[in-house]
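Colleague: I am new to this structure and would like to go through it step by step. Could you begin with the overall picture and then turn to single residues?

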Amino acid sequence: MSGHQHTVTDTRTDDNSRKAVTQRVAFVGMSVNIFLVIVQIIGGILTHSQALIADAMHTLSDLVGDVVVLFAAHHASKAADANHPYGHGRIETLATVILGLLLGGVAAAIFLQAWDRLSGDEPLITPEPWAMAIAALAIIGKEGLYHYTVHVAKRISSPMLKASAWHHRSDAISSVLVLLAIGGAQLGFPWLDSVAAILVAAMIFYMAIQLILESTSELVDTGLDAQEVQEMRDFICAIDGVESVHLLRTRRMGGRVLADAHLQVDGRISVSEGHHISDTVMYRLRRQFPAISDVIIHIDPEDDETVHPSKNLPSRVELLAALHTQPETAALWDSIDDLTLHYQGGKLQLDVILLTTPPATALSGFKNACRSIPAIECVNFFTKKVH
């Protein structure tokens with residue numbers, strides 16, 4: 001029974017639908033960002049607002065992010081193949097890392113530009129008052145994109161779209177501070193423009209670090225938190241036929257969860273019953289925890305996580321060959337219908353199924369022969385009932 005494995009991949013999730021939803025979100029984001037970049041650049045030039053132009057560059061980084069999202073959505077939804085038996089979900093995770101790095105780069109660029117303006121000798125130009133209207137338009141557009149994208153990200157469990165949503169939110173926060181800075185400049189405090197930019201850079205950099213850490217932990221197969229794993233373990237242990245769970249491992253892949261478990265069952269049940277128990281565990285586990293898309297169940301007759309007491313025992317072929325060399329077994333072979341081997345506790349237990357009841361001398365001779373093989377602990381004889 002030890003070593004029985006069975007894998008089921010969740011086919012309930014419609015990858016094509018997921019791809020279409022992700023692409024639609026990306027196209028909406030690109031359209032809004034293109035519009036805002038054009039308006040902010042033209043408005044920044046006409047109103048002499050360096051803050052608006054810098055904010056436009058921030059918005060432009062979102063366009064690059066949307067392109068990454070589109071690329072990842074296309075490739076992550078591909079079906080599993082020989083080279084990628086678990087699918088291509090990690091492409092989505094990698095894209096999240098790229099978006100995080102992009103945010104970090106944008107934060108560094110904004111900080112350096114703002115510091116140069118703050119510490120430079122050139123006087124800061126006060127922008128035209130109507131630049132505030134353009135900043136307000138950018139706030140409405142970016143905040144709207146954030147709420148739309150994060151809603152879809154939660155619905156389809158997409159870390160990549162979550163990263164893209166926070167990219168939109170960072171732009172909205174940036175535009176808020178730009179609006180305040182332009183307003184402050186109208187009141188005679190032009191340095192507020194640079195201070196606001198530095199604050200924006202710090203916030204963006206913090207979000208970038210969070211996204212990168214979250215995604216890299218997935219890339220190195222970090223498991224679910226201890227509480228979630230314990231809930232799964234308790235759920236499995238409550239299923240009929242499962243005696244214990246001595247190993248349960250989990251990892252994430254693009255918003256999905258992969259799991260494998262070693263279950264201990266009664267060592268004397270049949271292979272088919274063990275298979276039935278593993279199927280039951282799999283289907284119930286996926287129904288109880290919908291994020292799980294792939295489960296591997298390993299059935300064990302004993303806890304072999306730390307020690308393997310039966311690893312040096314002979315195989316069926318080796319055992320039969322050893323028994324056939326014993327003259328005392330010859331009288332029983334014609335009466336034997338089947339042999340069932342039980343590997344438990346570092347010993348073999350033999351169940352001998354007989355077609356007819358043989359003479360007592362044949363049974364005792366076979367038992368004596370088995371005693372000469374150290375691996376055999378006991379022998380049980382059963383006569384097959386003839387219908």
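Modeller: Helices, of at least four residues, and strands, of at least two, are DSSP runs numbered from the N terminus. Please keep in mind that this is a predicted model.

Colleague: How many helices and strands are there in the chain?

Modeller: Counting the runs in this predicted model, the chain has 10 helices and seven strands.

Colleague: What percentage of the residues of the chain count as buried?

Modeller: A residue counts as buried when its relative accessible area is under 20%. The chain has 387 residues, and the part of them that counts as buried is 46%.

Colleague: Which residues touch the most other members in the largest nonpolar core?

Modeller: As a general point, nonpolar side chains in soluble globular proteins tend to be buried together. The largest nonpolar core here has 22 residues, and at least two of its residues come from each of H7, strand S2 (244-253), strand S3 (256-264), H8 and S4. Those that touch the most other members are Ile236, Val242, Leu263, Val281 and Ile297.

Colleague: Leaving out residues up to four places away in sequence, which residues does Leu263 touch?

Modeller: Leu263 belongs to that largest nonpolar core. With residues up to four places away in sequence not counted, Leu263 touches Ile236, Val242, Ser244, Val245, His246, Val281, Ile297, His298, Ile299 and Asp300.

Colleague: Why is the pair of Phe235 and Phe289 edge-to-face?

Modeller: The count of aromatic pairs comes to five, and in this one the ring centres of Phe235 and Phe289 are 5.9 Å apart. Planes over 60 degrees apart count as edge-to-face. The pair is therefore edge-to-face because the planes of the two rings stand at 90°.

Colleague: How many residues apart in sequence are the parts that this pair ties together?

Modeller: Phe235 lies in helix H7 (residues 226-237), whereas Phe289 lies in the loop between helix H8 (271-288) and strand S4 (292-300). The pair therefore ties together parts whose separation in sequence is 54 residues.

Colleague: Leaving aside neighbours within four places in sequence, which residues is Thr47 in contact with?

Modeller: Thr47 lies in helix H1 (residues 15-47) and is buried, with a relative accessible area of 0%. Leaving aside its neighbours within four places in sequence, Thr47 has contacts with Leu52, Pro127, Glu128, Trp130 and Ala131.

Terms used: Residues numbered from 1 in each chain as written. Predicted model: local features only at pLDDT ≥ 70, side-chain atom pairs only at ≥ 80, totals over all residues. Heavy atoms only, no water. Buried < 20%, exposed > 50% of the residue type's maximum accessible area, 1.4 Å probe, protein only. Contact = heavy atoms within 4.5 Å. Phe/Tyr/Trp six-rings, centres within 6.5 Å; stacked < 30°, edge-to-face > 60°. Core = buried A, V, L, I, M, F, W, Y, C linked by side-chain atoms within 4.5 Å.
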